[in-house]
Each structure stands twice: as C-alpha cells, then as structure tokens.
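Let us take a friendly walk through this structure, one part at a time. Have the sequence and the 3D view at hand as you read.

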Amino acid sequence: MPTKKKPQVTAAPARRGELLNTAAEVFAEQGYNATTVRKIADHAGMLAGSLYYHFDSKESMLEEILRTFLDELWGGYDAVLAADLGPRETLEALVTESFREIDRHRAAVAIYQKESRQLVAQERFAFLAESQRRFEKAWLSTLERGVADRVFRADLDVRLTYRFVRDTVWVAASWYRPGGRHSPEEIARQYLSMVLDGIAVRA
C-alpha cells in the first residue's frame, strides 16, 4: 500500500505575527546587519533552528515586516487622496494617518528610516524605492495644490517643506511609544498646529 504523505504544517497566523513583531523590535534596536537569526530567536524564546520552521531567512522576515507596514500605510494614504479633500485637509489627513502608522508599526518605521537607503540596492527590496516615489508625489502634489489654491503661502518652497514635514513626522518613531500619554491623533493635532501656522496664508 502506498505511504500516505503527512500534511504540511503551517505556522499559526498569530504566532507568525508575534515572531515578526519580535524581529522588528530587534532590527530596529540593533540594526539589520548586526541582527542574526539567533538573536531574533533568543528574544522570541526559541532555538534558531525552530525559527527557520517559520521563515527561511532574516531577509524574508524583514521583507514581510516592511511590506506589511507599507501596504497599510498606502491603504490609508490612498483613501485620503481619493476623498477629494482640499489641500489643507489632505495635508492634515496625511499627517494624521502617518502618526497612526507610527502607532501601529513603530519598529517597522524605525527600520525604514534607518535601513531603506542600503536595502534598495537589493532586488527583493526594490519596492521601497517605488514607495518612496509615490510618497514624494503625494506630498508634493498636495503642497503644490495648496500654493496654487492660495491656501498655502505663494513663497513656499514646496520641496523644502516636503522634506521638513517628512522628516519631522517620521522621526517620531524614535521616541513614540504606543499607549503613552498622547494618542496618535492628539500628536498629529499638535504637530499640525505648529506646521500649518507657519505655511498657511495669514488672514
């Protein structure tokens, strides 16, 4: 009689998510190059060999971490951009969505900030460059529309403003901790009050 093949056992989604969260924290804290599979396994309380049961390499873990973050980010951004809001409202919504993503994926954002320049040289991480192009286009077009509609100042350097907004928003991943004193929405409101008072047309 033919031998029955054992069904392939797949990792439970919850356990996989836990391991990715652990890996993200280690990558964010120690850096991608300095992180080994053994270090991730140690933080997860398991043997390195057991981690290979779930993932074939640390590269595959990092790719899944970053793709998950960017997929969720663009889900929120695309909804904002499709909502036919004015330029100021669009900017406010993009900033708020950004802080929400920092709340959900703080470690992934930190990794993206620190590692993306080196990672894009690898074929499997080419999606990072495409996401950056989309990111820049979304923010620049919003700022340009605000200047054209006389919502933002006519003398505004939109590219410089974009870089300022981008860097000051995403650097929050270095200090923000979920469950802290302020919600992502509250931080976004405080941030926007400072930024928009500087770029909006004065009455």
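We can begin with an annotation: in an unreviewed entry, UniProt places the feature "DNA-binding region" at residues 36–55. UniProt positions follow the numbering used here, feature names are shortened, and annotations may be inferred rather than shown by experiment. The model itself is predicted, so local features need pLDDT of at least 70 and side-chain atom pairs count only at pLDDT 80 or more, while totals for chains, interfaces and linings use all residues. Residues are numbered from 1 along each chain as its sequence is written, and side-chain values use heavy atoms, leaving out hydrogens and water.

Over residues 36–55 the chain is 60% helix and 0% strand, with end C-alpha atoms 13 Å apart. Here helices (H or I, at least four residues) and strands (E, at least two) are DSSP runs, numbered from the N terminus. UniProt's unreviewed entry also gives "domain: HTH tetR-type" for residues 13–73. That span is 75% helix and 0% strand, and its end C-alpha atoms lie 21 Å apart.

Now for the domains. The assignment gives domain 1 (10–55) and domain 2 (57–197), with bounds that come from an automatic or database domain assignment. Their C-alpha centres lie 26 Å apart. Where they meet, 16 residues of domain 1 are in contact with 15 residues of domain 2, contact meaning heavy atoms within 4.5 Å. About 1,400 Å² is buried between domain 1 and domain 2, and carbon and sulfur atoms give 65% of that area. Buried area is the accessible area (1.4 Å probe) that two parts lose on being put together, summed over both. The count of salt bridges between domain 1 and domain 2 is two; a salt bridge is a side-chain nitrogen of Lys or Arg within 4 Å of a carboxyl oxygen of Asp or Glu. The side chains of Arg-16 and Glu-64 meet in a salt bridge, at 2.7 Å from N to O.

Next, look at helix H7 (residues 127–148). Its 22 residues should span 32 Å at 1.5 Å a residue, and the end C-alpha atoms are 31 Å apart, which agrees. The expected span is 1.5 Å times one less than the number of residues. Among the buried residues of H7 are Phe-127, Phe-135 and Trp-139; buried means under 20% relative accessible area, exposed over 50%, and partly exposed in between (1.4 Å probe, protein chains only).

Arg-150 sits in the loop between H7 and helix H8 (158–170) and is exposed, with a relative accessible area of 72%.
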